[in-house]
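Welcome! Have the model open beside you, and try each exercise before you read its solution.

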Amino acid sequence: KLGEQKHSKESSSLQCMHLAVVACGDRLEETLIMLKSAVLFSNRRLCFHIFAEDSLKPEFEKKLKEWPSSYTKKFEYNIYPITFSVGNAQEWKKLFKPCAAQRLFLPVILKDVDSLLYVDTDVLFLRPIDDIWHILNEFNSTQLAAMAPEHEIPKIGWYSRFARHPYYGTTGVNSGVMLMNLTRIRNTQFKNSMIPSGLTWEEMLYPLYQKYKNYITWGDQDLLNIIFYFNPECLYVFPCQWNYRPDHCMYGSNCKGAEEEGVSILHGNRGVYHDDKQPTFKALYEVIRDFPFEDNLFQSLYYPLQSKFLDTVHTLCGRIPQVFLKQIEKTMKKVYENRVIVYLGANHRY
């Protein structure tokens, strides 16, 4: 299957929206649910780049083959081993969570890919990837990556209170959802705190880690914050609804974009899909996990979600269900309309 997919890789590469994820340890199910959310709602073809430990590779292949053909024809995938091209592999593996630092090496490894959306395994798409992909067109001539702020309010933000290293802006940025123009990243000389001249992305990574390793808490995310502190003109900052986390509602609602437009990408960090601390996040995860691919989206996804949300109204995040439901409802209406039009169009010929 992989061999079959590779021969079409070059021709479809330009039409594809490229999505990368790094999965280690017990993240198999989470990663598959993230990929499922991407396939359910997206319009254009997807190319998945899955970086995984060797033991997970057969599991990914087995599970993805079980998906119905009406969905598998919407994407192609490649599975890569975990590799670090510079520095000490064991050190990189130990940085924050196992394998998380792999994302720093995507521009070096995926040499034939022009642009890419990287997401953590604990992300769910509540609208088509096409919509965040369009943000690449909004980059100015110096911007080469896009991330959302780590926090909206400096006085309760982690970086603004505790960081012992440089970080981007007033609250830092969160690397769980990162849109990248890899061609620009590969071709840029980055300003840095080590030498007076610029360094390429690959040249910079290991010396930067060596310099700051005793001061960083959040691993590769901290290194990205340091890079964009010295190169702020290279970063496009997208609003919080594209990387909506428990922090945006557990201290009261503080993501204006989500209040107005609804959550576009849900990021269930802090393990909230798997405990009972944030039942709204868990409800979304479970409903997408349990949705039978071929079923009606409203009947088997939206209505169960609404009823699950009724049980969460006593929580701070559950008090604002419209924030979680607005975008997914809009997306499902579009998907439903497209299918009905296609179906009617097909029947009309007879």
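Helices (H or I, at least four residues) and strands (E, at least two) are DSSP runs, numbered from the N terminus. This is a predicted model, where local features need pLDDT of at least 70, side-chain atom pairs count only at pLDDT 80 or more, and totals for chains, interfaces and linings use all residues. Residues are numbered from 1 along each chain as its sequence is written, and side-chain values use heavy atoms, with hydrogens and water left out.

**Exercise 1.** Classify the ring pair formed by Tyr-206 and Tyr-209, and find how the two residues are placed in helix α11.

*Solution.* 
Step 1: Recall the rule. Rings of Phe, Tyr and Trp (its six-membered ring) pair if their centres lie within 6.5 Å; planes under 30 degrees apart count as stacked, over 60 as edge-to-face and the rest as tilted.
Step 2: Apply it. The centres of Tyr-206 and Tyr-209 are 6.1 Å apart and the planes make 40°, giving a tilted pair.
Step 3: Look at the helix. Tyr-206 and Tyr-209 lie 3 residues apart in α11 (residues 201-212), so about one helical turn separates them.
Step 4: Check exposure (buried is under 20% relative accessible area, exposed over 50%, partly exposed in between, with a 1.4 Å probe and protein chains only). Tyr-206, at 22%, is partly exposed, while Tyr-209, at 7%, is buried.

**Exercise 2.** What is the strand order of the open sheet of 7 strands, and which strands are at its edges?

*Solution.* 
Step 1: Two strands pair if DSSP finds at least two bridges between them. The order is β3-β2-β1-β4-β7-β6-β8, with mixed pairing.
Step 2: β3 (75-80) and β8 (235-237) each pair on one side only, which makes them the edge strands.
Step 3: Inspect one pairing. β1 (residues 17-23) and β2 (residues 46-52) run parallel over 7 bridges; Val-21 has Ile-50 in β2 as its bridge partner.
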